Amino acid sequence: MVINVGPQHPSTHGVLRLILTLDGEQILACEPVIGYLHRGLEKMMERRPYRHNIPFTDRLDYLAALSNNLAICQCIERLGGVEVPERAQYIRVLLMELQRIASHLVFLGTFGTDLGATTMFLYAFREREMVLDLLEECTGARLTYNWVRVGGVPDDLPEGFGQKVLDFVKLFRQRIEEYDMLLTRNRIFRSRTQGIGVIPKETALAYGCSGPVARASGIPYDIRKVAPYEVYNRVEFDVPVFEDGDVWARYLVRMEELRQSLRIIEQVLRDMPDGPVQTKLPKIFKPPAGIAYSRVESPRGELSFMMVSDGGANPVRVHIRAPSFVNLSVLPRLLEGAKVADLVAILGSIDVVLGEIDR
Amino acid sequence: MIEAITQFFTQHPLLWAFVKAVVLASFTLVIPLAVIYVERKIAGFIQSRLGPLHVGPQGTFQTAADALKLLLKEDIVPEGADKRFFYLAPYIAFVSTVLCFMVLPFAPGWVALEMNVAVLFIIGVSLFNVVSILMAGWSSNNKYSLLGGLRAVAQLLSYEIPMVLSVLAVVFYTGSLSLTGIIEYQVKHGWNIWHPPIMIAALIYFICALAEINRTPFDLPEAESELVSGFNTEYSGMRFAFFFASEFANNFFITAFAAALFFGGWDGPVLPPIVWTFLKVFVMIFVFMWLRWTPPRLRIDQILRFAWQLLVPVSLANLLFAIALGVR
């Protein structure tokens, strides 16, 4: 039986279409169809001055818009040799980690719903709302922030922001315990996730998986450690790595990353120096000819931008390495022989965002 | 006045039967409104939100408004559907629930039809539900519905067996197939739940009941994240309302049945019997809803393995235990 899942289906997390060949409840083959959200962003970027492209990146991974902002800004900075003031770097790291928490909370909520634990969704979104409120106070937006600039950030943090973040951190530590009680220690949850959708280490390497997906397969690969950017080399945090490579391990990696993000946030707020947050740049920004490549650890994995400049006001070529796209490519292999019910667990655990897959 | 009415109905038994049928059918339609409202409020409480608030005081009329909306909706039959079965399925589900209520004693004498094999009758009639789900899943001409229907049948049939075995334990223990007889036995000897073999039977019954009414963690037949909505995907308007109503009425019934089998039915001090019945039912419904909103759902193979490898042997052993203790 051939069954068509998506592009409108409650659990495809966006407009992903999967053509499944079934034998009863068993999946024989799976063919993902992408492109329903294609907007040609890379080409559009070639027609605009460098700094006009930042808002586009909000629409890539819309659950982690700030990470995308940062990635493109870093790329442009490398191209033009722009220095970023120290305080701006700290603010960037602070916001990146808040963003990571918000993004992982979406994962947690939707993953719970996928498995039938609908309450998890509301719990996770309750806390995500707090993060969004913080980000809104700082950036003025809730989803598409457009807040990182080439050469820094547009404005300093609002007054009393640090204290509010610390309050949130304190509260959120307790809430993670609550999640553990509701999901992590639930036997049914374990039986639904353990040993399901195993990505062996070799497969993860062969497909180029990154982020939590790779780390759950025993690959200690985190751009924040491998190639530290901003001030990640000055903060202490652990990279959680699990060997099993199953859905359960990917869930655990993300839960642990929530805790590590809180650690980073506390250190950043403690160490943040005073000073300017923005480097002065000319009105028309023309970087010298050349190629620049930047990579950041977005909540979903290694997010990279490549830009080619010919010395003009617009980039000549832009390429985006979207982590979701690469991670999704392993899906057909995981689904062979799985049960229909495992489909949503596996897809949810890879945590794809179609905005950056289709670009 | 009352005497006159009683006399009138004794002279016209057919009319009396008709009145009882209408009352039962409307009860089966009205009780879901209450259960759904309670469910929404409990879900809200568990998920730290408020639930319905605006229609009526504290949102009490919300479900009634929803039911009205469903009544007014266009009746859509999918192309290529097997029309006869598609039309019939929701009503069979509903009728099977009404028939179950028919033999259920709410209080001494408050039973539509006193039947000396009520337990047997209920077990038989409630199986019609499975037929209706299979009919709905098959006739919808939708692959999701079909998968949902197949899952439902596999699950309901698997759990019917340990459920019947645990009910049989009660029957052997109390020596009666009539619900009124079982309750009267408990009024005399104390609630069944306090007797060891029945305690185990009650536990098994509870698990099976969750599966029978498609509640999390056994809500696979309508797992919305996998199968859109399972066997009732293609149903809309009034037909969907009937499925929905029968599901929630079933929810009520299966707990009322449990109250009669294990918790002494109407038996209780001070309050009138009818209040005790409803009290027990709603406490159990609360537990069901609590479970409904907490754990994730299991997978079909895990569910079936659980039924056949654990519940069936345990309930069989328990049945022997009950017979050994109960036969006097």
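## Two helices in chain A

Let's start with a crossing: helices H4(A) and H5(A) cross in a left-handed way (the near helix is turned anticlockwise from the far one by less than a right angle). This is a predicted model, where local features need pLDDT of at least 70, side-chain atom pairs count only at pLDDT 80 or more, and totals for chains, interfaces and linings use all residues. Residues are numbered from 1 along each chain as its sequence is written, while chains are lettered from A and ligands numbered from 1 in the order in which they are written.

H4 covers residues 86-115 of chain A and H5 residues 118-139; they pack at about 160°, with axes 8 Å apart. That makes the pair roughly antiparallel (an angle over 145 degrees, taken between N-to-C directions of lines fitted to C-alpha atoms over the stretch in contact). Among the residues in this contact are Leu95(A) and Leu98(A) of H4(A), and Phe121(A) and Phe125(A) of H5(A). Contact here means C-beta atoms, placed from the backbone, within 7 Å. By class, it's 16 nonpolar, five polar and two charged residues (Asp, Glu, Lys and Arg are charged; Ala, Val, Leu, Ile, Met, Phe, Trp, Tyr, Cys and Pro are nonpolar; the others, Gly among them, are polar).

## Chain A as a whole

Chain A has 15 helices and six strands (DSSP runs: H or I of at least four residues for helices, E of at least two for strands, numbered from the N terminus). Its C-alpha atoms fill a box of roughly 65 × 45 × 35 Å along the principal axes.

## Where chains A and B meet

Chain B brings 24 residues to the contact and chain A brings 26. On chain B, helices H7 (143-174), H10 (224-227) and H13 (300-326) each give two or more.

Note on methods
Contact = placed C-beta atoms within 7 Å. Axes fitted to C-alpha atoms, helices over the stretch in contact; angles between N-to-C directions. Parallel < 35°, antiparallel > 145°, perpendicular 65-115°, else oblique.
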